[in-house]
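Here is a short report on side-chain packing.

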Amino acid sequence: LQMPVVCCAILGSENQPLLLKTFGSPSDVKLQFLVHSSLDVIESRVGNPRAEGYLGQVLVADDFRVFAQVTNTKIKFVLVVEDRGAVAESDAKKFFQDLHALYTKHISNPFFAMAETGIVSASFEATVAALATSSPGL
């Protein structure tokens, strides 16, 4: 089944939003709430030594499912999809691998400087949007 991505977020090590990109019609405020609500579950799973990297589904709310991944530097990637049935774990993992690669490439640029408000880059946002709309199975 196709799982439409409605929100993609990158959160810093102190849970500050570095990027929060929404797609489609759901309210931005509702999606921000879901992303921040998932942080409690993410933080509890990060404390588990067996939890490494991909955390899987961390929250189900209303018509949405929230998936997460945490890097070894405590950067959190959060994906919100419309709940239209089962999502393959491999599709979510692939999305996070691709997003992590994009993020790493972007911040590794010697001319990149993180703004106080997070990542401010139209090209990075466009690349994330392209990833979200082209991911198979999501």
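Is Tyr103 buried or exposed? Tyr103 is buried, because its relative accessible area is 7%, and buried means under 20%. The model is a predicted one.

**Ring pairs**

The count of aromatic pairs is 3. One of them joins Tyr54 and Phe96 in a tilted arrangement, with 6.0 Å centre to centre and 55 degrees between the planes. Tyr54 belongs to strand S3 (residues 54-61) and Phe96 to helix H2 (residues 89-107), so this pair ties together parts that are 42 residues apart in sequence. Phe96 counts as buried, because its relative accessibility is 0%. Tyr54 also counts as buried, at 18% relative accessibility.

Phe77 and Tyr103 form an edge-to-face pair: 5.7 Å centre to centre, 80 degrees between the planes. Phe77 sits in strand S5 and Tyr103 in helix H2, so the pair ties together parts 26 residues apart in sequence. Phe77 is buried, with a relative accessible area of 0%.

The two pairs in table form:

| Pair | Type | Centre to centre | Angle between planes |
|---|---|---|---|
| Tyr54 and Phe96 | tilted | 6.0 Å | 55 degrees |
| Phe77 and Tyr103 | edge-to-face | 5.7 Å | 80 degrees |

Ring pairs also link Tyr54, Phe95 and Phe96 into a cluster.

**Nonpolar cores**

In soluble globular proteins, nonpolar side chains tend to be buried together. Here the largest nonpolar core holds 25 residues. Ile10, Phe67, Phe95, Leu99 and Tyr103 have the most contacts inside it. Strand S1 (5-11), strand S2 (17-22), S5, H2 and helix H3 (122-134) each supply at least two residues of this core. Another core, of 19 residues, lies apart from it; Leu31, Leu55, Leu59 and Val78 are among its members.

Which residues does Phe67 contact, leaving aside its neighbours within four places in sequence? They include the ring residues Tyr54, Phe77 and Phe96. Gly56, Gln57, Val58, Val78, Leu79, Val81, Val87, Glu89 and Ala92 are also in contact with Phe67.

**Lys76**

Lys76 is in strand S5 (residues 76-82). Lys76 counts as buried, because its relative accessibility is 3%. What does its side chain reach at 3.3 Å? The side chain of Lys76 reaches the backbone oxygen of Gly12. Not counting residues up to four places away in sequence, Lys76 touches Gly12 and others, including Ala9, Ile10, Leu11, Ser13 and Asn15. Leu39, Ile42, Glu43, Gln69 and Val70 are touched by Lys76 too.

Conventions: Residues are numbered from 1 along each chain as its sequence is written. This is a predicted model: local features need pLDDT of at least 70, side-chain atom pairs count only at pLDDT 80 or more; totals for chains, interfaces and linings use all residues. Side-chain values use heavy atoms; hydrogens and water are left out. Helices (H or I, at least four residues) and strands (E, at least two) are DSSP runs, numbered from the N terminus. Buried means under 20% relative accessible area, exposed over 50%, partly exposed in between (1.4 Å probe, protein chains only). A polar contact is a pair of N or O atoms within 3.5 Å; within protein, one must be able to donate a hydrogen and the other to accept it, and residues adjacent in sequence count only if both atoms are side-chain atoms. Contact means heavy atoms within 4.5 Å. Rings of Phe, Tyr and Trp (its six-membered ring) pair if their centres lie within 6.5 Å; planes under 30 degrees apart count as stacked, over 60 as edge-to-face and the rest as tilted. A nonpolar core is a set of buried Ala, Val, Leu, Ile, Met, Phe, Trp, Tyr and Cys residues joined through side-chain atoms within 4.5 Å.
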